[in-house]
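Subject: Structure handover

Hello,

Here is the structure for you to look through. Please open it before you read my notes.

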Amino acid sequence: MTGAPFGARLAAAMDAHGPLCVGIDPHSSLLAEWGLPDDATGVREFALRVLEAVAGRVAAVKPQAAFFERHGSAGVAVLEEVVAVGRQTGTLVVVDAKRGDIGSTMGAYADAFLRDGSPLAGDALTVSPYLGFGSLDPAVDLALATGRGLFVLCLTSNKEGHEVQHARTPEGVSVAATMAARAAEINAGAVPLGSVGLVVGATVGDAAVRAGVDLTRVNGPLLAPGVGAQGAGAAELSRVFGAARHQVLASSSRGVLRAGPDVDALRAAALRASSEAAAALR
Ligand SMILES: O=c1ccn([C@@H]2O[C@H](COP(=O)(O)O)[C@@H](O)[C@H]2O)c(=O)[nH]1
């Protein structure tokens, strides 16, 4: 058990540090720009440097599992270390692994990423509901039991997402709205925020309106990737989230990471992005 529920811990972290999550995405191109080798030792140096720059200064960090996994078991060991160091600093760690599978296998993913004592368990995990929201039940149950959180893909920041997320059920409800409604049911009554959040890209324009998703009813955090390198900024954050803006955790990876490898420069870039997000979402 990690103490208070994730939704409450995230709300407190955003009050204290602003609504920014810094993505830890050690792309091979960034490793090269930082003068680091494209192997697990380079990824370790990169990730620990980001933590040194931003831990205790932003609400959350989000290691992207893919960039660790591409280096095999040595990379996964680095991800474990990053999760541990991040959590020791008190900065919330959202593991962006986007897991999703049939329920019986989802139970194993939940064990890996959400069980107390698991080396890959941060404070929250991104999950994909596109095998049906109910397939996530083992993750929902374990997250709530251990004080962790989930971010369920709803309206993703990429241009292809609408093929699935805007599709309509026979009743005429969009898939995205169905996912949002299921998260809202779980979060009902939670104060200040529930622990089952949604991923809604800062790049999606009026997609929530078109898909009939009422973000204000989710009563959970909204992780908003797409800030920085994907082109979204303050104007997009205010436009996309409107009345739901107080629930938003804006996320930027390359937009901050390109300021490296200097720790002070990274920190300054993160603080600038955090202030801009705070002003947009005030
Ligand atoms: O809809 C989504 C869901 C997740 N992501 C992830 O966020 C970061 C974005 O990186 P940038 O460098 O800031 O573009 C990356 O890890 C994605 O996998 C997303 O972009 N969109």
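This is a predicted model: local features need pLDDT of at least 70, side-chain atom pairs count only at pLDDT 80 or more; totals for chains, interfaces and linings use all residues.

Residues are numbered from 1 along each chain as its sequence is written.

**The record**
An unreviewed UniProt entry annotates residues 19-269 as "domain: Orotidine 5'-phosphate decarboxylase". UniProt positions are given in the numbering used here, feature names are shortened, and annotations may be inferred rather than shown by experiment. This span is 42% helix and 16% strand. Its end C-alpha atoms lie 14 Å apart. Helices (H or I, at least four residues) and strands (E, at least two) are DSSP runs, numbered from the N terminus.

**The ligand**
The ligand is surrounded by 18 residues. A residue counts as near it if its C-beta atom, placed from the backbone, lies within 6 Å. The closest are Thr 156, Ser 157, Pro 225, Ser 253 and Arg 254. Strand 8 (248-252) and helix 12 (254-257) each supply at least two residues of this shell.

**The core**
The largest nonpolar core has 98 residues. Such a core is a set of buried Ala, Val, Leu, Ile, Met, Phe, Trp, Tyr and Cys residues joined through C-beta atoms within 7 Å. Buried means that 20 or more other C-beta atoms lie within 10 Å of a residue's own, with C-beta atoms placed from the backbone. Cys 21, Ala 139, Val 152, Cys 154, Leu 237 and Leu 249 touch the most other members. Helix 3 (residues 40-54) gives the most to this core, with eight residues.

Take Val 152. Beyond its neighbours within four places in sequence, Val 152 has contacts that include Val 127, Leu 136, Met 179 and Val 199. Contact means C-beta atoms, placed from the backbone, within 7 Å.

Helix 1 covers residues 6-17. Its buried residues include Phe 6, Leu 10 and Met 14. Among the partners that the buried residues of helix 1 pack against are strand 2 (60-63), strand 3 (92-99) and strand 8. Gly 18 follows helix 1, with a positive phi near 95°.

Helix 9 covers residues 175-187. Met 179, Ala 183 and Ile 186 are among its buried residues. The buried residues of helix 9 pack against helix 7 (137-146), strand 5, helix 8 (162-165) and strand 6 (196-200). Just after helix 9, Gly 189 has a positive phi of about 85°.

Best wishes

Note on methods. A residue is buried if 20 or more other C-beta atoms lie within 10 Å of its own, exposed if 12 or fewer, and partly exposed in between; C-beta atoms are placed from the backbone. Two residues are in contact if their C-beta atoms, placed from the backbone, lie within 7 Å. The expected span of a helix is 1.5 Å times one less than its number of residues.
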